[in-house]
Amino acid sequence: PNMYDCIIPIGCSHMYGYEHASTNNNKQPSTHTWIDLLGQHLDLPVHNCSVPGASNQTILRRLQLAINYCERRWLNPLFVLQWTEFTRYETAASVANFKVEDWPYIRPNLEIDKRSDSGDCFEWAQQFYDLFDDGALYYETTKAIEHANAIAAKYHVLNCYAHKWDLPKWQ
């Protein structure tokens, strides 16, 4: 018998299965990812909480919501946390209100790509990346990962890393 009720993956587009036909034009997570194959192999449902463009702070926030969901339903999941590149970030900012998909949260990496088509958000994102270097963003990511593992300590958690974790050589 399985020791889990379900698998709850949380990550960015890699875990979401971005651009796969089964996403229905990216309206829902793919049902043809490696995590779905694992769920089939273990005969467990997969509740994919991933989102394209997620930052590590987004993953932490979604984990908090997923833990609340599991506690209300007495679930014993296997959490699979797929940490994304450390240069992505998420924070609450009033500039995001009613302008970005996940407001009041804004992800500067998406706004640099002009995801919301808001000039104010684009300008805010540029200023954000002027203030934070790779060292600061790496530190913020490690804090998010430590926080996630602390709040999910009573569950089984598998941490994995996406691309772009080659660390710069800081002086």
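Helices (H or I, at least four residues) and strands (E, at least two) are taken here as DSSP runs, numbered from the N terminus. The structure is a predicted model, in which local features need pLDDT of at least 70 and side-chain atom pairs count only at pLDDT 80 or more, while totals for chains, interfaces and linings use all residues. Residues are numbered from 1 along each chain as its sequence is written, and side-chain values use heavy atoms, with hydrogens and water left out.

A residue is called buried at under 20% relative accessible area, exposed at over 50%, and partly exposed in between (1.4 Å probe, protein chains only). Two strands pair if DSSP finds at least two bridges between them; β1 and strand β2 (residues 77-83) run parallel and are joined by five bridges, with Ile10 standing opposite Leu81 of β2.

A nonpolar core is a set of buried Ala, Val, Leu, Ile, Met, Phe, Trp, Tyr and Cys residues joined through side-chain atoms within 4.5 Å. The largest such core has 20 residues, and those with the most contacts inside it are Ile8, Ile10, Leu63, Phe79 and Leu81. Two or more residues come from each of β1, α3 (56-73), β2 and α6, and α3 gives the most, with six residues. Contact means heavy atoms within 4.5 Å, and, leaving aside residues up to four places away in sequence, Ile8 touches several residues, including His47, Ala66, Cys70, Phe79 and Val80. Apart from this core lies another, of seven residues, among them Tyr4, Met15, Ile35 and Leu78.

**Cysteines**

How many disulfides does the structure hold? With a disulfide taken as a pair of cysteine sulfur atoms within 2.5 Å, the structure holds zero. The closest cysteine sulfur to that of Cys6 is in Cys70, at 5.3 Å, which is too far for a bond. Cys6 is buried at 1% relative accessible area, and Cys121 is buried at 0%.

**Aromatic rings**

Rings of Phe, Tyr and Trp (its six-membered ring) pair if their centres lie within 6.5 Å; planes under 30 degrees apart count as stacked, over 60 as edge-to-face and the rest as tilted. This rule gives a count of eight aromatic pairs. The pair of Tyr89 and Phe132 is stacked, because the ring centres are 6.3 Å apart and the planes stand at 20 degrees. Tyr89 lies in the loop between β2 and β3 (91-92) and Phe132 in the loop between α5 (119-131) and α6 (134-151), so the pair ties together parts that are 43 residues apart in sequence. Phe98 and Trp103 form a tilted pair, since their ring centres are 4.2 Å apart and their planes are at 40 degrees. Ring pairs also link Tyr89, Trp124, Phe128, Tyr129 and Phe132 into a cluster.

The table gives the accessibility of residues in these two pairs.

| Residue | Relative accessible area | Class |
|---|---|---|
| Tyr89 | 13% | buried |
| Phe132 | 32% | partly exposed |
| Phe98 | 68% | exposed |
| Trp103 | 39% | partly exposed |

**Charges over rings**

A charge sits over a ring if NZ of Lys or CZ of Arg is within 6 Å of the ring centre and within 35 degrees of the ring normal. Arg61, which belongs to helix α3, has its charged end over the ring of Tyr105, 4.0 Å from the centre. Arg61 is buried at 15% relative accessibility, and, not counting residues up to four places away in sequence, it touches Glu90, Asp102 and Tyr105.

Lys114 lies over the face of Phe122, at 4.6 Å from the ring centre. Phe122 is found in helix α5 and is partly exposed, at 22% relative accessibility. Beyond residues up to four places away in sequence, Phe122 touches Glu111, Ile112 and Lys114.

**Backbone features**

Most residues other than glycine have a negative phi, and most peptide bonds are trans. Lys114, placed in the loop between α4 (108-112) and α5, has a positive phi near 60 degrees. Phe98, in the loop between β3 and β4, has a positive phi of about 65 degrees although it is not a glycine. The peptide bond from Trp103 to Pro104 is cis, with omega near 10 degrees, and Pro104 is placed in the loop between β3 and β4 (105-106).
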